[in-house]
Amino acid sequence: MKKIIKVETKEPVILQCTDLVFSQKPYWCNATRVPLKMSILHQRAFFEYDDKPTPQPCILWITGGGWTEVDQNVWLPELSYYAKKGYVVASVSYSLPATWFFPEMLMDVKQAIRYLRAHACEWNIDPDRIAVMGESAGGHLASLVAATGNRKEFEKGEYLDESSAVQSAVIFYGAVDMMNFEGRESLDSYDEKEQFLLRGKLEPQSLAAGVNHLRHEKTIGEKMDPRFYITEETPPFLLLHGTKDTQVPVFHSDILYEKLEKEGVPTEFVLIDGVDHADAAFSQTEVKDLILDYLHRTLK
């Protein structure tokens with residue numbers, strides 16, 4: 001059977017540039033380099049047909065992995081939703097605590113943001129409209145990125161003339177209190193529970209944070225806690241968490257919400273009833289539309 005049909009073009013074509021190296025990280029006594037990579041989703045039409053396209057807002061995505069592994073490409077199929085809706089999406093890799101000490105991974109992500117601003121014209125990004133989004137361990141990092149703004153102690157690497165501050169944050173079931181991970185009393189010493197911050201494993205989540213050199217420094221938990229940096233200047237937050245999360249207890253989002261509210265930061269907190277960690281519910285159109293509406297309002 002042969003037929004002719006007419007098709008109305010309603011959605012843009014989304015292209016991806018995977019494994020783009022944004023930094024060569026010194027390693028092994030400065031003798032070698034480890035590439036830090038990002039993958040970018042963007043609309044094809046703007047790059048082919050428009051000499052002066054309107055710059056688009058950007059989402060910097062940080063995937064999770066329990067602080068032990070990371071693959072910046074794993075969520076690209078779901079993130080394409082936002083690219084179709086007019087956002088450039090950049091998903092980034094970062095250093096893992098089994099090899100690098102905190103705050104190396106935070107500084108990696110902040111360097112990625114500076115890279116995007118330095119190459120804004122190349123990727124059709126509006127440098128004044130960048131949001132950070134992350135899930136689980138990536139949510140922890142995303143909270144830190146948003147809360148630390150342009151704090152100089154976390155600015156390291158290239159493109160230092162660019163800002164690493166973001167204008168909005170979306171946090172999926174992110175960890176917050178690294179010294180009180182499951183809602184226990186705060187720890188007085190590292191003797192019995194040092195796995196919270198060191199290379200060991202603590203069920204149900206390996207925290208492998210590689211800070212042996214700081215095992216007696218009581219402030220490391222604060223330094224890894226985004227609440228430590230939140231002020232009235234912190235950008236808006238959207239928090240999402242399942243009420244049945246078995247890996248990152250919901251109290252983490254509760255205490256982050258309380259701190260944000262206390263400092264007067266515009267914050268929205270959405271609990272998804274009966275949902276566990278990284279559940280498929282977070283990928284449903286209903287949730288994506290909610291996030292999209294929030295981004296439209298905070299990245300005007």
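1. Basis. The model is predicted; local features need pLDDT of at least 70, side-chain atom pairs count only at pLDDT 80 or more, and totals for chains, interfaces and linings use all residues. Residues are numbered from 1 along each chain as its sequence is written, and side-chain values use heavy atoms, with hydrogens and water left out.

2. Helix 2. This helix spans residues 76-84, and its buried residues are Leu76, Leu79, Ser80, Tyr81, Tyr82 and Ala83. Buried means under 20% relative accessible area with a 1.4 Å probe, protein chains only. Helices are DSSP runs of H or I of at least four residues, and strands are runs of E of at least two.

3. Surroundings of helix 2. Its buried residues pack against several elements, including strand 1 (14-27), strand 5 (125-135) and helix 8 (285-298). Just after helix 2, Gly86 has a positive phi of about 105°.

4. Largest cavity. Two cavities of 30 Å³ or more are present, a cavity being a set of points on a 1 Å grid where a 1.4 Å probe fits but cannot get out, with lining residues having an atom within 4 Å of a point. The largest has a volume of about 150 Å³. Among its 13 lining residues, Trp61, Trp75, Phe172, Phe282 and Ser283 are the closest to the centre. Helix 2 gives the largest share of this lining, three residues.

5. Second largest cavity. Its volume is about 90 Å³. Of its eleven lining residues, Trp67, Pro97, Met105, His140 and Met224 are the closest to the centre. Helix 5 (residues 137-148) supplies the largest share of the lining, four residues.

Note on methods: Buried < 20%, exposed > 50% of the residue type's maximum accessible area, 1.4 Å probe, protein only. Contact = heavy atoms within 4.5 Å. 1 Å grid on protein atoms, 1.4 Å probe; cavity = no way out; pocket = protein on both sides within 12 Å on 5 of 7 lines; lining within 4 Å. Points joined across faces, edges and corners; volume = space filled by probe spheres on them.
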